[in-house]
Amino acid sequence: MAHRWVCGLLSLLAVAAAAAEGSAEPLIRLPTQDEHDAAPTPAPSAAEEGITRWAVLVAGSSGYENYRHQADVCHAYQILKRGGLKEENIVVFMYDDIAQNPQNPRLGVIINHPKGKDVYAGVPKVIYVEACESGSMFEGIMPQDLNIYVSTAANAVESSWGTYCPGWNPPPPHEYLTCLGDVYSVSWMEDSETHNLKKEAIKDQYEAVKKRTSSSNNLTGSHVMEYGDKTFKDEKLFLYQGFDPANVNNTNRLPLPSLEGAINQRDADILFMWKRYEQLDGGSEEKLRVLKKIKETVAHRKHLDSSINFIGKLVFGFEKGPSVLEAPRSSGQPVVHDWDCLKRMVRVFESHCGSLTQYGMKHMRAFANLCNNGVSEAEMKEASVGACGGYISAKWSPLVLGHSA
């Protein structure tokens, strides 16, 4: 029997199954099965299939302004549970600071759609460990012979997008000041919830999600990508996500509605702060505090952008600096070959210029290109001091926020 893993980002979804009978290998695996029964009957039990399915769900952030990421993971948990996966076989990594957050208008509840039900109930709580993001995790890295298929929210050089945001269409319930979900994540989950997964193949969902996640104007969408082993895309999704008998009569013909409103992931926290500011009473201490935070956040973002741009000019020259930092590598190459160098470059920068924060992660390619062009740690330190020597960054110090790499 061949074995498979399926991964979906953002948030990370890895669904696996292992042979249940007589396997001495301590590996989590997925089966490739021949589906002879095309009739829309309820899924057989795990014992009847001879497999055990596993899932690993990872939320990539903390903080109420990042509500949407944990909402995505909780929603995925409920889909897989309804599909027949055992609770003990669904591993969840998330910070779990949203449901009981004082700013949550429905305390103890998380929703992932403007008209959605609670997706938090029953989700196991595990602390999250930070990781890289989307296409850059796999470009030039993921082999094609490991029986692993990966789908990501974006390619290696772009942001993914949040949705169900206040002020956008469709909006969240009026009491929510933050985005409820992410375009890619809600697209694959809403597809799974409205289709018969015994009839829908991996490739069918990939194409549907790719279309819904992209934007015709190229301003508010991302490019859904796939990596790894693509030889089993004809297999049906129920093999990996399980099967909900409630979807037995779904025809798989109606496309999901388009998501007209979306926001760049790196601007979602600013949107939340602005909505919070607008909601508070004029002249209150809390309103002034939120305004101060907005101004500090925007100022630090401008500082990061200008500092990295200036470092490029110091290292590579005034004319070439910015273009060298932003240059993408050729297709099939990883963002960097020396990952230890990348970590050193980031830490040198943050020691002198302050934390990159979630926003500054967009500059990771610049640090990678410093390594790819042979810049030494000493040269990076000199350039960072030159660019940021007078910057007072106590609030943004990596000693307070931690290093980004």
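Me: Which residue stands opposite Ile263 in S9?

Reply: Gly162 does. Bear in mind that this is a predicted model, where local features need pLDDT of at least 70, side-chain atom pairs count only at pLDDT 80 or more, and totals for chains, interfaces and linings use all residues. Residues are numbered from 1 along each chain as its sequence is written, and side-chain values use heavy atoms, with hydrogens and water left out.

Me: What is the order of the strands in the open sheet?

Reply: Strands of a sheet pair through backbone hydrogen bonds, parallel or antiparallel. Here three strands run S7-S6-S9 with antiparallel pairing (strands are DSSP E runs of at least two residues, helices H or I runs of at least four, numbered from the N terminus; pairing takes at least two DSSP bridges). S7 (181-182) and S9 (262-264) are the edges, each with a single partner strand, so one side of each has no neighbour in the sheet. S6 and S9 share three bridges.

Me: Is Thr163 buried or exposed?

Reply: Buried, because its relative accessibility is 0% (buried is under 20%, exposed over 50%, partly exposed in between, with a 1.4 Å probe and protein chains only). Thr163 lies in S6 (residues 161-163).

Me: At what angle do the axes of H7 and H12 cross?

Reply: Two packed helices are described by the angle and the distance between their axes. H7 (residues 285-316) and H12 (residues 377-388) cross at roughly 130 degrees, with axes coming within 9 Å (axes are lines fitted to C-alpha atoms over the stretch in contact, with angles from 0 to 180 degrees between N-to-C directions).
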